[in-house]
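Here are my notes on the model, as numbered points. Have the structure open while you read.

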Amino acid sequence: MAGNDKRRGGVRKTNKKGMVVGSGGQRRRGLKGKGPTPKAEDRVTHPAKKRADQRAKADQQRAKRQTAAENAPELVAGRNPVVECVRAGVPASGMYVAQGIDVDDRVTEAVREAKNRGIPVVDVPRVELDRLTSNAMHQGLALQVPPFDYAHPEEVLTAAQDTGLPPLIVALDGVTDPRNLGAVIRSAAAFGAHGVVVPQRRSAGITAVAWRTSAGTAAKLPVAKAVNLTRTLKDYKEAGLMVVGLDADSDITSDELELATGPLVVVVGSEGRGLSRLVRETCDQTVSIPMATGVESLNASVAAGVVLSEVARRRRIR
């Protein structure tokens, strides 16, 4: 009997698993998980979150500064670039002439055309013009122009097709030096290209430096910005153009460029990296420039000029 009382009054041990009768499932709900642990940068109190917020803020400020710089007026410095701009009818809000400079035919023409177009002409001390142009070689003359009005890649193609000639377009892949951009634009205009296309990101834009290097030809030739250069090149291919990229490692030289007389896009890469992988894969053909042994590769603008000259020569004799 004592054993029975002990058994009845003691704790009953069991190996049975599962919830206890009468709990109402409270224990199961209490053990329910809260989902996966958030990433460190998503936790409000975590240091990684603070660092992520600081990076995002810095990126926003950088984007604002870039937008402000792109929307700010530019000063085209130098007598030849200024004369080319006023001849081409580039919109301008003012012309600066350094006091006491030697006036030649270019200065006379620039001032006369500016006054005819109603552009204010301001005489300023040379030191003030140095400051305005950030000590550029202005030769006593500078023109203030609004932000460059980029075309759309489709507009460049349409303008090329409307000429009745085989389209010739130059595309730049990763060229970040505005001097190279300006020189390429000048070569493109000289050898009969119908337009230039640059990527929207990681590429030089039409700044005062590019204006100067192009000697004002950026006003005569449409320059477009492509959101995605690879996609734009594919669109051009669908429109019937062949895409040729400049590649120092190609076995085909520009002397053998049989595609020169047809609708063509010439793609020029950066000096250091050359063509990007996706752009190279999009090209129908790559060509190199024959050079003497031991000579380093040419910079982007010179390489573009050499190939465009060969394209122009072939088109003249076809």
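1. Leaving aside its neighbours within four places in sequence, which residues is Trp211 in contact with? Taking contact as heavy atoms within 4.5 Å, the partners of Trp211 are Val76, Pro81, Cys85, Val90, Val145, Phe148, Ile206, Gly216, Ala218 and Ala219.

2. A word on the ground rules. This is a predicted model, in which local features need pLDDT of at least 70 and side-chain atom pairs count only at pLDDT 80 or more, while totals for chains, interfaces and linings use all residues. Residues are numbered from 1 along each chain as its sequence is written, and side-chain values use heavy atoms, with hydrogens and water left out.

3. Trp211 also turns up among the residues with the most contacts inside the largest nonpolar core, together with Met95, Val170, Leu172 and Val196. Such a core is a set of buried Ala, Val, Leu, Ile, Met, Phe, Trp, Tyr and Cys residues joined through side-chain atoms within 4.5 Å; buried means under 20% relative accessible area, exposed over 50%, and partly exposed in between, with a 1.4 Å probe and protein chains only. This core has 57 residues, and helix α12 (residues 300-317) gives the largest share of them, six residues. Another core lies apart from it, with 18 residues, including Ala151, Val197, Tyr236 and Cys283.

4. Now the open sheet. Its four strands come in the order β1-β4-β2-β3, with mixed pairing. Helices (H or I, at least four residues) and strands (E, at least two) are DSSP runs numbered from the N terminus, and two strands pair if DSSP finds at least two bridges between them. β1 (74-77) and β3 (121-124) are the edge strands, each pairing on one side only. On average, neighbouring strands here are turned by 25° against each other, direction ignored. Strand β2 (residues 94-98) pairs with β3 in the parallel sense over four bridges, and Tyr96 has Val122 as its bridge partner in β3.

5. Two helices to look at against that sheet. Helix α4 (residues 79-88) packs on it, touching β1, β2 and β4 (141-145), and its direction makes about 45° with that of β4. Helix α5 (residues 105-116) lies across β2, β3 and β4 and runs at about 150° to β2. For both angles, axes are lines fitted to C-alpha atoms, for helices over the stretch in contact, and values run from 0 to 180 degrees between N-to-C directions.

6. In α4, the buried residues are Arg79, Pro81, Val82, Val83, Cys85 and Val86. They pack against β1, β2, α5, β4 and α9. Just after α4, Gly89 takes a positive phi of about 75°.

7. Leu143 lies in strand β4. Is Leu143 buried or exposed? Leu143 is buried, because its relative accessible area is 0%. Not counting residues up to four places away in sequence, Leu143 touches Glu74, Leu75, Val76, Val82, Cys85, Val86, Ala92, Gly94 and Met95.

8. Elsewhere, strand β6 (residues 195-199) runs parallel to strand β7 (residues 223-226), joined by four bridges. Pro199 has Ala226 as its bridge partner in β7.

9. Finally, cysteines. With a disulfide taken as a pair of cysteine sulfur atoms within 2.5 Å, the count comes to zero. Cys85 is buried at a relative accessible area of 0%, and Cys283 counts as buried at 11%.
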